[in-house]
Amino acid sequence: MDIFEKNLKVISEKAPGLAGRLREQDVVPVAMEKTRSGDFTFSYNGRYFHSRYEPVKEAAVQAGEILDKKCDWIILFGLGCGYLLRKLVEGGKEKIIVYEPNIGILKGVFGVIDLTDILEKKEVHITAEADAVTDLVKGSIDGMDDILSYQTPPYRNSFAGQIADLGRRVRNAHTSNKIGISTEITSRLDWVENYFANIRSFFRYPAVDILDGKFKGVPMVIAGAGPSLNRNAHVLKEFRDRIIVVAAITAFKPLLKHGIVPDMVVAAEKRDLPEFFTHGPDDLKTRFLLADVSNNRMLERETGGKFVYFSPYSRLSVEQAGYWGCDYFPASGGSVTTVALDIGAMFGCDPVIFIGQDLSYSDGKTHADESFYHMTEVRIDEERKVVEEGGGDHHARDVKELFWLKGLDGKPVPSRYDWVIFHQWFERKMDLMKKEGKGPLVINATEGGAYIEGMVHTTLREALGRHAAVPVDVAGIMDEAVSHRPPVDMAGLKASFEKALESIKEIRRLSALILKTARGIKKRLKGGLSPEFTLRIDKIKRLESKLFDTTGNSAFIWETLSAYTYILKEYLREEEEGTTEEQFERNLKSLIDSYGKFEEMSGRFIPVLEKAIETVNEEEAAMSGCIA
Amino acid sequence: MNTEIYIDGARLDFEDTGRDSTIRDLVRAMEKELKPLRRYVSALSADGEPIAEWRSGTGLERPVLDCSEISLHTASFDEAALGGLDIIRRYVSLISENAAVCVSSLRRGGPAGEKLSSIVEGAVEVIRTVEALSIGGNAYDIDLFKESPAECCGSMVRAIESLKEAGDRMDSVSMADMLEYELVPAVNELEDMLNPPEA
């Protein structure tokens with residue numbers, strides 16, 4: 001097997017698409033030259049990418065610079081001949097994502113240099129697609145990890161634009177990871193509690209997938225609450241009977257101001273949002289589409305009807321959705337309008353048209369008129385690269401990092417990190433839909449704000465004039481679907497809760513045993529480290545192993561402990577200091593804290609699970625009563 | 001009017017029999033006399049005014065008889081050669097030091113900076129000095145170099161030209177290569193060739 005095939009064999013295991021592309025005839029390999037030391041170099045666009053004399057020595061200088069810095073992951077822009085990559089791995093850095101912007105360079109290099117031993121490393125990734133880097137950052141890098149991006153001078157001089165673009169992507173993806181952690185810490189426990197609090201509502205309101213395919217070819221307009229909504233929301237009136245209008249909950253009141261009562265309002269907030277409701281007749285004309293982990297009061301509020309969607313990121317939701325008659329989990333990019341796009345595609349709507357999806361600040365505003373946030377003042381400080389949001393309904397000034405996105409007219413528009421994340425998700429989704437060749441036509445009829453690659457950009461009037469021709473009875477179709485809701489699998493649901501209850505009781509028992517053993521060690525520690533501790537530590541290990549096995553039947557317990565898990569991770573990242581005895585004592589304290597949390601959390605959810613079982617029994621009895 | 005000629009402050013008996021000699025003729029005659037003593041004319045003044053650029057021929061066409069006084073100053077070629085060699089050594093050291101810094105910066109993506117200018121200027125100065133010493137050495141039959149420095153200087157000139165070309169196309173790798181593997185070895189080789197005259 002020649003060198004090229006050897007390299008490709010390894011690459012095809014991690015990145016089959018890249019291996020396939022490298023085999024294509026139209027990819028012309030860069031010409032490789034022997035150096036004075038017998039290694040290789042090449043030139044591209046008139047520049048040499050490695051020394052023509054001693055490229056390995058040169059790589060050592062570059063590696064030295066990187067190895068001196070503390071980082072968890074390295075993103076290497078440009079493989080070159082792989083000398084630097086090898087030096088980094090030899091220097092102990094084995095978490096590396098290599099992005100090579102030129103496929104011809106990869107083909108030339110892989111033809112003469114055997115990099116299989118490096119590429120085989122589990123956490124060394126190579127790609128020629130910027131999107132894949134984003135995926136790797138999101139999929140492989142923890143939000144708590146530090147990332148170091150590096151490129152050698154020839155790459156810096158030859159691919160400046162792409163480096164800046166990749167830098168933005170990596171930063172956004174990592175910001176997304178960090179937001180993910182922040183969400184985990186601040187929301188996971190609430191979501192689990194909300195899910196349990198919503199059980200009664202799940203009996204009342206069907207899963208949204210009962211509408212699967214019910215709106216084939218019907219144009220869906222998804223309204224966000226961006227400032228531009230003021231410019232074109234009124235157009236909806238002219239086409240109202242020929243479209244289905246879905247509003248983000250923030251866009252509900254702004255649409256009402258324009259005389260549009262949406263067919264559906266989407267929300268997923270973990271806290272109650274009474275300020276977004278009218279508490280009047282318009283609420284009763286509108287159906288609400290709510291995440292299963294939304295605040296229970298949102299599901300209990302009186303509206304024109306409700307649908308529930310189950311969340312793919314919640315273990316309880318994934319485990320139990322089937323019992324509620326649901327097998328659909330919408331893809332989400334972090335906002336309800338991203339969820340709405342996926343749901344629109346599931347409904348069979350075509351096209352899906354966005355309005356008020358500015359994803360940017362506009363006219364000194366964050367949101368449209370009548371939105372809860374419409375009084376928010378915005379001050380952009382380009383020099384400090386921050387945005388201050390405040391005044392109006394904000395009690396305090398909120399300082400956010402300033403981001404820029406390409407605007408509809410090609411000029412940059414100011415944005416903030418959460419909008420950038422949504423924007424990134426939309427573009428990825430568009431790209432994915434294009435690659436898969438399925439899904440509706442997606443039109444961005446937002447008349448302001450950011451340009452979204454992959455969507456068709458036009459005005460709302462133009463989009464609706466072209467696509468909204470046939471009247472549709474949205475309410476009738478929904479009512480009809482609701483009347484055919486599949487029954488809840490009572491037996492399955494009850495068994496699931498009972499199994500979780502049994503498991504959580506066992507977790508509490510095992511946690512208590514571990515705590516008792518650990519506290520016993522701590523008490524005797526004053527006399528110094530003793531061999532008898534080994535037996536006790538072995539016992540803790542056995543109990544831990546049993547406890548982890550038990551959590552399989554109540555995996556949600558991990559989600560309730562998310563906040564604590566991150567504290568523990570932070571602790572584990574700290575350098576060990578002090579004597580062995582001091583380190584042992586610290587670890588013991590951390591162990592006691594951890595299992596203390598386990599004991600507390602399992603104790604907290606035992607009554608919650610008992611209540612859930614009771615609710616299922618009551619609903620079952622009520623249903624039997626109805627049938628009888 | 002008789003012209004008074006002084007050499008290193010001492011009056012010289014000089015008679016311009018043809019009455020048409022120029023200062024150039026006077027200097028040539030003096031250098032011919034000085035050569036066996038391994039000295040040369042280092043400075044010149046006429047009627048108390050220094051002739052600044054006489055080495056390039058300026059001010060030498062004036063007839064001797066037009067001046068009332070001409071002063072010549074001489075210097076030891078050996079001393080001058082030692083000074084020239086010292087200049088080369090100092091520049092070689094400076095070039096090597098600055099090149100190391102510059103190469104390290106270029107390899108890591110930093111700017112070449114002011115050090116690069118000092119390296120190029122130093123190398124040009126070295127080449128000029130070598131040329132001057134070679135001419136002087138030939139004139140006084142002194143081997144100031146163990147072997148001909150021509151090839152070395154040729155390498156240096158080629159390295160400087162390549163360095164400039166690489167800079168123009170923002171090829172920092174080639175710039176670093178030229179400095180590290182062409183220019184610095186060439187100046188070091190040149191330093192090894194230096195053959196100072198015995199005191």
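## A parallel sheet in chain A

In this predicted model, strand S10 (residues 264-267) of chain A pairs in the parallel sense with strand S11 (residues 287-291) of chain A over four bridges. Two strands count as paired if DSSP finds at least two bridges between them. Strands, like helices, are DSSP runs numbered from the N terminus: helices are H or I with at least four residues, and strands are E with at least two. Looking at one bridge, Val266(A) has Leu289(A) of S11(A) as its partner.

Let's step back to the whole sheet. Eight strands of chain A form an open sheet with parallel pairing, in the order S12-S11-S10-S9-S8-S13-S19-S20. Its edge strands are S12 (306-309) and S20 (456-457) of chain A, each pairing on one side only. Helix H19 (residues 474-483) of chain A packs on this sheet and touches S9 (244-248), S10, S11 and S12 of chain A. The direction of H19(A) makes about 55 degrees with that of S11(A).

## How to read the model

Residues are numbered from 1 along each chain as its sequence is written, while chains are lettered from A and ligands numbered from 1 in the order in which they are written. Local features need pLDDT of at least 70, side-chain atom pairs count only at pLDDT 80 or more, totals for chains, interfaces and linings use all residues, and side-chain values use heavy atoms, leaving out hydrogens and water.

Helix H1 (residues 3-14) and helix H2 (residues 16-23) of chain A pack at an angle of about 145 degrees, with their axes 6 Å apart. Axes are lines fitted to C-alpha atoms, for helices over the stretch in contact, and angles run from 0 to 180 degrees between N-to-C directions. Contact means heavy atoms within 4.5 Å. Among the residues making this contact are Phe4(A) and Leu8(A) of H1(A), and Leu18(A) and Leu22(A) of H2(A).

## Where chains A and B meet

The contact takes 20 residues from chain A and 15 residues from chain B. What area is buried between chain B and chain A? The value is about 1,500 Å², of which carbon and sulfur atoms give 46%; buried area is the accessible area (1.4 Å probe) that two parts lose on being put together, summed over both. Arg107(B), Arg108(B) and Tyr181(B) supply 38% of the area that chain B buries against chain A, more than any other three residues.

Four salt bridges are found across this interface (a side-chain nitrogen of Lys or Arg within 4 Å of a carboxyl oxygen of Asp or Glu). One salt bridge joins Arg36(A) and Glu182(B), with the closest N and O atoms 3.8 Å apart.
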